[in-house]
Amino acid sequence: MKLLRYGFPGQEQPGLLDPNGLVRNLSEVIADVGGEALLPSSLDLLRNLDVTTLPLVSGVPQKDLRLGPCVGLVGKFICIGLNYADHATESGIPLPSEPVVFNKWTSAIMGPDDVIEIPPGALKTDWEVELGVVIGQGGRNIAESDAMAHVAGYCVINDVSERDFQLNRGGTWDKGKGCDTFGPLGPWLVTADEVPDPQNLQLWLEVDGKRYQSGNTSTMVFKIPFLISYLSQFMSLQSGDVISTGTPAGVGMGQKPPVFLKSGQVLRLSVDGLGLQTQRTVQG
Ligand code: ZN
């Protein structure tokens, strides 16, 4: 299933993408795509619905129908840093011996095609295409062997980053990671049953038509089951938590010379099978 949220910002309704690429309204079935609606029992219920009986929503998603972030009520937005060897190299930082963990504030979350605001005072706003993992069944001290049973699904994330705030403002990285609009999620949450091998997905990102990032989740340093198990030693993972699993090489900071975003640019990014995001930049 491809679960989504559509409508005006802050007023999104839950929906799913039907086989014709149109949206069906789920608001009679679940309150939101988030929280307990992502538990395995709830996803089973949704999977057994006759989609043709659900109300058809007018408009074509991502054309004349805005999509919001594909997960609502996100409690935690957890990110893994330096999780691709080629990106650690371009960042000039040694490969970590344990996962680097940081946060994006949940107020950074926005729809997949909303506008990225370069914050006032920003000097080095950058991009990072990533595979997002969304937790279904929560837990703590989760065994690596059991970790994938805790995944509701996957989505595309752009871990938009202001490098000057991240690296030159006295710590922590979070200052440059959680600015408003720095967390587009979606277009859809693709349930785990439709992603047979999340460790073999191509992911790419373009700015103004130039492809800067092109990688594969097979080259992650720490794989998804390990990350879930690892994080759950330090916190309870809860339904609807989002884990952004790191970015491959090709960020702006890694170019020679470095390239950063300016107002009026267009970003396009995708992960295999999880849809496409398109964002325009403006000066905030
Ligand atoms: Zn990142």
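Student: How many disulfides does the structure hold?

Tutor: A disulfide is a covalent bond between the sulfur atoms of two cysteines. In practice we look for a pair of cysteine sulfur atoms within 2.5 Å. This structure holds zero disulfides. Before we go on, note that this is a predicted model, where local features need pLDDT of at least 70 and side-chain atom pairs count only at pLDDT 80 or more, while totals for chains, interfaces and linings use all residues. Residues are numbered from 1 along each chain as its sequence is written, and side-chain values use heavy atoms, with hydrogens and water left out.

Student: Are Cys 79 and Cys 155 buried or exposed?

Tutor: We read this from relative accessible area: buried means under 20%, exposed over 50%, and partly exposed in between (1.4 Å probe, protein chains only). Cys 79 is buried at 0%, and Cys 155 is buried with a value of 0%.

Student: Which residues are the protein donors of the zinc ion?

Tutor: Donors are N, O and S atoms within 2.8 Å of the metal (3.2 Å for Na, K and Ca); water is not among the atoms, so sites may look incomplete. Here the protein donors are Glu 128 (OE), Glu 130 (OE) and Asp 159 (OD), at 1.9 to 2.0 Å from the zinc ion. Their spacing in sequence is E-x1-E-x28-D. Glu 128 is buried, with 4% relative accessible area, and Glu 130 is buried at 1%.

Student: What is the order of the strands in the open sheet?

Tutor: Start with the rules: helices (H or I, at least four residues) and strands (E, at least two) are DSSP runs, numbered from the N terminus. Two strands pair if DSSP finds at least two bridges between them. The open sheet has nine strands in the order β3-β2-β1-β13-β10-β9-β16-β4-β5, and its pairing is mixed. Its edge strands, β3 (23-25) and β5 (100-103), each pair on one side only. From one strand to the next, the twist averages 30°; for such angles, axes are lines fitted to C-alpha atoms, for helices over the stretch in contact, and angles run from 0 to 180 degrees between N-to-C directions.

Student: How many bridges join β9 and β10?

Tutor: Seven bridges link β9 (residues 129-135) and β10 (residues 151-158), in the antiparallel sense. Within this pairing, Val 134 stands opposite Gly 153 in β10.

Student: Where does helix α4 lie?

Tutor: Contact means heavy atoms within 4.5 Å. Helix α4 (residues 224-231) lies across β4 (77-81), β5, β9, β10 and β16 (242-244), and runs at about 55° to β9. Because six of its eight residues are buried, α4 is largely enclosed by the rest of the structure. Among the buried residues are Leu 227, Ile 228 and Tyr 230.

Student: Which residues form the aromatic cluster?

Tutor: A pair of aromatic rings is described by the distance of the centres and the angle of the planes. Rings of Phe, Tyr and Trp (its six-membered ring) pair if their centres lie within 6.5 Å; planes under 30 degrees apart count as stacked, over 60 as edge-to-face and the rest as tilted. The count comes to five aromatic pairs. One of them, Tyr 230 with Phe 234, is edge-to-face, at 5.0 Å centre to centre and 65° between the planes. Tyr 230 is buried at 10%, whereas Phe 234 is exposed at 55%. The cluster consists of Phe 222, Phe 226, Tyr 230 and Phe 234.
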